[in-house]
Amino acid sequence: MPRRYVIVGGDAAGMSAASQIRRQDPEGEILVFEKEGVISYAQCGLPYWVGGVVPEKKKLIARTAEEFYTRYNIDVKLYHEVTQIIPQKKQICVYRREEKDEITVPYDVILIGTGSAAIVPPWEGKNLPGVFTLKAMGDAEKLLSWLETHTPNKAVVIGGGYIGLETAEALHNRGFKVTVLDLAPQLIPTFDAPIAEIAQDALKRHGVEIHLNEEVVGLEGDEKGVRAVVTKNGSFPADLVIISIGVRPVSELAREAGIELGPRNAILVNERLQTNIPDIFAAGDCATHFHRIKNAPDYVPLGTTANKQGRIAGINMAGGDAKFAGIVGTAIVKVFDRTIARSGLGERECQALGLPYQTVSIKARPISHYYPWEDEVLTIRLHFNKDNRKLLGGQIAGGAGVDKRIDVLATALFHGMTIDDLQALDLAYAPPYNSVWDPLQQAATVAQREK
């Protein structure tokens with residue numbers, strides 16, 4: 001009999017796994033259970049759809065359930081919510097939302113790809129009309145549908161992380177007066193303060209209000225809609241509110257099945273994406289991610305990692321032997337005309353881990369000094385171990401050229417290079433694109449002088 005593969009969750013990790021299983025096992029039966037009505041879409045593109053940069057929903061969908069079935073014989077069951085995994089019987093319980101009944105489905109091997117969910121504190125007023133999250137396709141659909149019949153002009157974004165800032169820009173581009181509130185003393189706390197300040201300046205220059213050290217205690221309004229966000233320091237008028245204070249792994253199914261959890265209650269997996277229970281795998285935003293610099297499991301949910309983990313899980317579920325090499329925590333975000341990016345450890349992480357770190361910080365043009373350039377110079381911060389000079393992490397902010405340098409840095413971190421090794425890299429040079437010494441190499445030179 002053909003082997004039955006069951007996948008719980010039809011987004012990045014789940015569908016990457018399903019596709020890889022089909023390549024490895026042409027005869028196997030692949031069942032994907034997805035509780036919502038859409039699969040395989042780009043969550044990271046949602047703020048750009050809301051802001052009008054992406055013109056329509058279908059641009060964000062890689063493949064539909066029908067395409068997976070007709071092209072790959074992968075059976076995707078939409079509006080099917082897995083409510084229980086029973087490892088002892090190798091069965092799952094599935095609630096069929098349209099039929100309004102529950103069925104039991106056996107499996108040979110299963111992947112949990114339930115992703116993550118938006119964190120929403122138990123604030124009074126969190127369910128008022130005009131209050132939204134922006135984590136899933138359904139969230140964006142509800143928001144855009146609501147905007148068709150309402151004309152708000154004061155938007156408050158609660159949370160100054162990646163999605164919060166992208167959403168603030170999207171709403172600004174739609175003509176809203178936007179205010180961002182954050183509990184922390186700076187935006188994007190995973191970044192060092194000097195880099196976060198560049199993002200904050202970009203928001204302010206474009207008319208977005210920033211209020212830090214603001215602890216939200218509730219939302220005010222009535223059946224007609226939200227009117228204000230209330231903090232311990234005051235009240236902020238709003239007729240549209242986006243809650244964007246982070247995500248949590250959706251790991252309840254795993255916990256109830258006796259599966260071991262790791263950092264932030266993400267499902268603990270090994271390098272083959274196996275859990276502690278045989279024939280149960282996990283991948284993506286619900287699972288842990290091995291951090292190569294920390295040398296430990298971590299939780300850094302990103303679409304790139306979910307796709308990689310899904311692919312590797314799929315190979316192993318079908319009998320192969322692939323290993324997840326880990327992450328170095330690379331991320332990048334556009335904030336109007338500025339870009340900020342990071343890889344490896346930030347200053348706070350170095351301090352929390354008790355590492356003997358040193359920091360070098362420079363500003364440099366990303367191209368030759370004589371070539372015309374009107375954009376802002378790059379701000380670069382690199383952290384390295386004072387004892388062995390190994391790179392620990394770095395952050396870059398500016399205009400053009402940030403993405404190129406952060407990827408070079410991520411590659412260096414992935415392979416355990418020292419800060420001095422950066423000087424030896426053979427990087428592309430022509431006056432419109434670089435100087436003879438890349439800004440990363442300039443930072444390495446400064447670090448060498450400080451030995």
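In the predicted model, the chain is divided into three parts: domain 1 comprises residues 4–115 together with 250–318, domain 2 spans 118–246, and domain 3 covers 337–448. The analysis below concerns the interface of domain 2 and domain 3. The centres of these two domains, taken over C-alpha atoms, are separated by 32 Å. Contact between them involves 15 residues of domain 2 and 15 residues of domain 3.

The size of an interface is often given as the accessible area lost when the parts come together. Between domain 2 and domain 3, the buried area amounts to about 1,200 Å², and carbon and sulfur atoms contribute 58% of this area. On the domain 2 side, Asp192, Ile195 and Ile198 account for 46% of the area buried against domain 3, a share that exceeds that of any other three residues.

Polar and charged interactions were also examined. Nine residue pairs are in polar contact between domain 2 and domain 3, with both residues of each pair at pLDDT 80 or more. Two salt bridges are found across the interface of these domains. A salt bridge also joins the side chains of Arg205 and Asp337, with an N to O distance of 3.0 Å; Arg205 lies within the bounds of domain 2 and Asp337 within those of domain 3.

Among the elements of domain 2, helix α6 (residues 193–205) gives the most to the side that touches domain 3, supplying seven residues. By residue class, this side of domain 2 consists of ten nonpolar, three polar and two charged residues.

Technical notes
Residues numbered from 1 in each chain as written. Predicted model: local features only at pLDDT ≥ 70, side-chain atom pairs only at ≥ 80, totals over all residues. Heavy atoms only, no water. Domains from an automatic or database assignment. Contact = heavy atoms within 4.5 Å. Buried area = accessible area lost by both parts, 1.4 Å probe. Salt bridge = Lys/Arg side-chain N within 4 Å of Asp/Glu carboxyl O. Polar contact = N/O pair within 3.5 Å; in protein donor to acceptor, adjacent residues only side chain to side chain. Helix = DSSP H or I, 4+ residues; strand = E, 2+ residues; numbered from the N terminus. Nonpolar A, V, L, I, M, F, W, Y, C, P; charged D, E, K, R; others polar.
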